[in-house]
Amino acid sequence: MTAPTTLDALRDHISAKLSRAVADRNAAWRTPVCATAGPQARVVVLRGSFESGRRLEIHTDRRSDKVLAMAAHPEIELCFWDPRSGEQLRARGTAVVSTEGEEVERIWAALPVGSRLPYLGISAPGEVLSQPDTGLSSRVTAGESEAGRDVFAVISIFVERWDWLEIGSGGQRRARFRFPEPSEAGAIRADWITP
Ligand SMILES: Cc1cc2nc3c(=O)[nH]c(=O)nc-3n(C[C@H](O)[C@H](O)[C@H](O)COP(=O)(O)O)c2cc1C
């Protein structure tokens, strides 16, 4: 057991681990499973963690099934797993998909060409192809990569609940943090719960 032993310290620990996952491409929590209604689940890259981990950000193609799923049911859960520390985090919240506006423009402008490649396919994710790949390569120039802007979408997850579980040879610990909605006054509710 390596994580802190008080709920306050654990909250800071989780928040720091989420920030590290955004900054470090080798961090275990970098690639959570993203679950939407269906059920549908897929791996994504964690691109942003704000307000101490209470708003998380991922990037996607606006034409993807996950965006369709979120339009109908915006409830979403990201599930992170770190095999080295034995920590799972399930961050549940409400997804807001943005395809335009100053913030989206700023995020797109900062994306390196390599990160824009997934948005350069002519056909939408999930469409049938005559060949297994799209033929995209890293030889795309910055100017050419602008073509991906139209389909680029930012998904913000406003987190309502963290469910943290640690497993190890010393046993298991589980904690739940419930966050009030921004419009609600009220404190964060934190509890140890049965694993
Ligand atoms: C390591 C890894 C990272 C991925 N990162 C993303 C991502 O950040 N955004 C994304 O839309 N898809 C990402 N994908 C692809 C998704 O898992 C999924 O195949 C794709 O988004 C289509 O999902 P959908 O049809 O359910 O929308 C990633 C896949 C892997 C294996």
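This is a predicted model: local features need pLDDT of at least 70, side-chain atom pairs count only at pLDDT 80 or more; totals for chains, interfaces and linings use all residues.
The shell around the ligand divides into 3 nonpolar, 3 polar and 3 charged residues. Elsewhere, a search of the whole structure finds 6 aromatic pairs, and ring pairs link Trp108, Tyr119 and Phe152 into a cluster.

**Ligand shell**

- The residues around the ligand are Arg42, Val43, Val44, Val45, His59, Thr60, Ser64, Asp65 and Lys66.
- Three elements, namely strand 2 (40-43), strand 4 (55-61) and helix 2 (65-72), each supply at least two residues of this shell.

- For Val43, a backbone N or O atom lies 2.7 Å from an oxygen atom of the ligand.
- For Val45, a polar backbone atom is 3.0 Å from an oxygen atom of the ligand.
- For Asp65, a backbone N or O atom lies 3.3 Å from an oxygen atom of the ligand.

**Asp65 in context**

- Asp65 belongs to helix 2 and is one of the residues around the ligand.
- With a relative accessible area of 49%, Asp65 is partly exposed, because the exposed class requires over 50%.
- Asp65 and Asp163 are 98 residues apart along the chain, and their C-alpha atoms are separated by 26 Å.

**Aromatic cluster**

- The ring centres of Trp108 and Tyr119 are 6.3 Å apart and the ring planes stand at 70 degrees, so this pair is edge-to-face; the cut-off for that class is over 60 degrees.
- Trp108 lies in helix 3 (residues 102-110), whereas Tyr119 lies in the loop between helix 4 (113-116) and helix 5 (142-145), so the pair ties together parts that are 11 residues apart in sequence.
- The rings of Tyr119 and Phe152 also form an edge-to-face pair, because their centres are 5.2 Å apart and their planes are at 80 degrees.
- Phe152 is located in strand 7 (residues 152-168) and Tyr119 in the loop between helix 4 and helix 5, so this second pair ties together parts that are 33 residues apart in sequence.
- Tyr119 takes part in the pair with Trp108 and in the pair with Phe152.
- Both Trp108 and Tyr119 are buried, the relative accessible area of Tyr119 being 9%.
- Phe152 likewise counts as buried, at 0% relative accessibility.

**Charge over a ring**

- Lys17 places its charged end over the ring of Trp29, at 4.9 Å from the ring centre.

**Backbone features**

- Gly38 and Pro39 are joined by a cis peptide bond, with omega at about 5 degrees.
- Pro39 is found in the loop between strand 1 (33-36) and strand 2; strand 2 is among the elements that supply at least two residues of the ligand shell.
- Glu51 is not a glycine, yet its phi is positive, at about 50 degrees.
- Ser52, also not a glycine, has a positive phi of about 55 degrees.
- The loop between strand 3 (48-50) and strand 4 holds Glu51, and the loop between strand 3 and strand 4 is also the place of Ser52.
- Glu51 counts as exposed at 54% relative accessibility, and Ser52 counts as exposed at 51%.

Methods. Residues are numbered from 1 along each chain as its sequence is written. Side-chain values use heavy atoms; hydrogens and water are left out. Rings of Phe, Tyr and Trp (its six-membered ring) pair if their centres lie within 6.5 Å; planes under 30 degrees apart count as stacked, over 60 as edge-to-face and the rest as tilted. Helices (H or I, at least four residues) and strands (E, at least two) are DSSP runs, numbered from the N terminus. Buried means under 20% relative accessible area, exposed over 50%, partly exposed in between (1.4 Å probe, protein chains only). A charge sits over a ring if NZ of Lys or CZ of Arg is within 6 Å of the ring centre and within 35 degrees of the ring normal. A residue is near a molecule or strand if one of its heavy atoms lies within 4 Å of it. A polar contact is a pair of N or O atoms within 3.5 Å; within protein, one must be able to donate a hydrogen and the other to accept it, and residues adjacent in sequence count only if both atoms are side-chain atoms. Ala, Val, Leu, Ile, Met, Phe, Trp, Tyr, Cys and Pro count as nonpolar, Asp, Glu, Lys and Arg as charged, and the others, Gly among them, as polar.
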